[in-house]
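Thanks for coming. I will take a few minutes to walk through one structure, starting with the overall layout and then going to some side chains. Please have the model open.

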Amino acid sequence: KGIYLPKTSKQALQYWSMAVRLLSPEDPNWASVHYRLGQAYEIGIGGIQKNRAKAIEFYKIGSKQNADASFQVAYYYDSGRIQASTDDYKMLCKLFHREFPKEDILLLSKMMARFYYEQAIDINPHARSHFALGRFYEKGHGHLPKDFQRAFDHYQAA
């Protein structure tokens, strides 16, 4: 009946937008609100135009605490919908304590996908992220060596 929930997607979008401004990052709902706004921009609900860049922006913010948001960012990198940026390159070099070829955008994008899939699993045992990492280990993507045992472990966890 819409007593406790918004009656329309437009109303939901208004509530989520308000929550982003009012909640602090310490609030347990903060990341979920960013994930929901990412979905709204990705799908185009509530009368807003689809906007992939805005969706990714909200997913990235929510990805630190929300496994679904982290998975969405990983999926975008993995599928080639977004490519690794200069900031991503710097983060990867710092994270792995080494340099990577800047011109190998596919490798860097797969490494970013790997990072976000692993982050999703760290937040919550995320089945789709386990499956994706199983594929990464099976194929040797994301600067990972082929490791069929680890691939199997991730597939089994999925």
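Reading along the sequence, the protein chain follows the pattern α-α-α-α-α-α-α-α. Please keep in mind that this is a predicted model. The secondary structure comes to eight helices and zero strands. Along the principal axes, the C-alpha atoms fill a box of roughly 50 × 35 × 30 Å. The chain has 158 residues, and 39% of them count as buried. As for contacts between residues at least 6 apart in sequence, 48% join residues at least 24 apart.

Now the helix packing. Two packed helices are described by the angle between their axes and the distance between the axes. Take helix H2, residues 30-43, and helix H3, residues 52-62: they pack at an angle of about 165°, and their axes are 7 Å apart. Angles over 145 degrees count as roughly antiparallel, so H2 is roughly antiparallel to H3. The crossing of these two helices, H2 and H3, is left-handed.

Which residues make the contact between H2 and H3? From H2 the list is Trp30, Ala31, His34, Tyr35, Leu37, Gly38, Gln39, Tyr41 and Glu42. From H3 it is Lys54, Ala55, Phe58, Tyr59, Ile61 and Gly62.

Two names on that list come up again as a charge and a ring. The charged end of Lys54 sits over the ring of Tyr41, at 6.0 Å from the ring centre.

Ile61, in helix H3, is another one to look at. Is Ile61 buried or partly exposed? Its relative accessibility is 27%, so Ile61 counts as partly exposed. Leaving out residues up to four places away in sequence, Ile61 touches Trp30 and His34. Between Ile61 and Gly38 there are 23 residues in sequence and 9.4 Å in space, C-alpha to C-alpha.

Next, the aromatics. A pair of aromatic rings is described by the distance of the centres and the angle of the planes. Counting pairs with centres within 6.5 Å, the total comes to 11 aromatic pairs. One of them is Phe71 with Tyr117, a tilted pair with 5.7 Å centre to centre and 45° between the planes. Phe71 lies in helix H4, residues 67-79, and Tyr117 in helix H6, residues 105-123, so this pair ties together parts that are 46 residues apart in sequence. Both Phe71 and Tyr117 are buried.

A second pair is Tyr77 with Tyr116: the ring centres are 6.0 Å apart and the planes are at 10°, so this pair is stacked. Here too distant parts of the chain are linked, with Tyr77 in helix H4 and Tyr116 in helix H6, 39 residues apart. Tyr77 and Tyr116 are both buried.

There is also an aromatic cluster. Tyr35, Tyr59, Phe71, Tyr75, Tyr76, Tyr117 and Phe136 form one cluster. The ring of Phe71 has a charge over it as well: the charged end of Arg128 sits 4.2 Å from the ring centre.

Is Lys110 buried or exposed? The cut-off for buried is under 20% relative accessible area, and Lys110 is at 12%, so Lys110 counts as buried. What does Lys110 touch, not counting residues up to four places away in sequence? The answer is Asp78, Phe136 and Gly142.

How values were computed. Residues numbered from 1 in each chain as written. Predicted model: local features only at pLDDT ≥ 70, side-chain atom pairs only at ≥ 80, totals over all residues. Heavy atoms only, no water. Phe/Tyr/Trp six-rings, centres within 6.5 Å; stacked < 30°, edge-to-face > 60°. Helix = DSSP H or I, 4+ residues; strand = E, 2+ residues; numbered from the N terminus. Buried < 20%, exposed > 50% of the residue type's maximum accessible area, 1.4 Å probe, protein only. Lys NZ or Arg CZ within 6 Å of the ring centre and 35° of its normal. Axes fitted to C-alpha atoms, helices over the stretch in contact; angles between N-to-C directions. Parallel < 35°, antiparallel > 145°, perpendicular 65-115°, else oblique. Left-handed = near helix turned anticlockwise from the far one by under 90°. Contact = heavy atoms within 4.5 Å.
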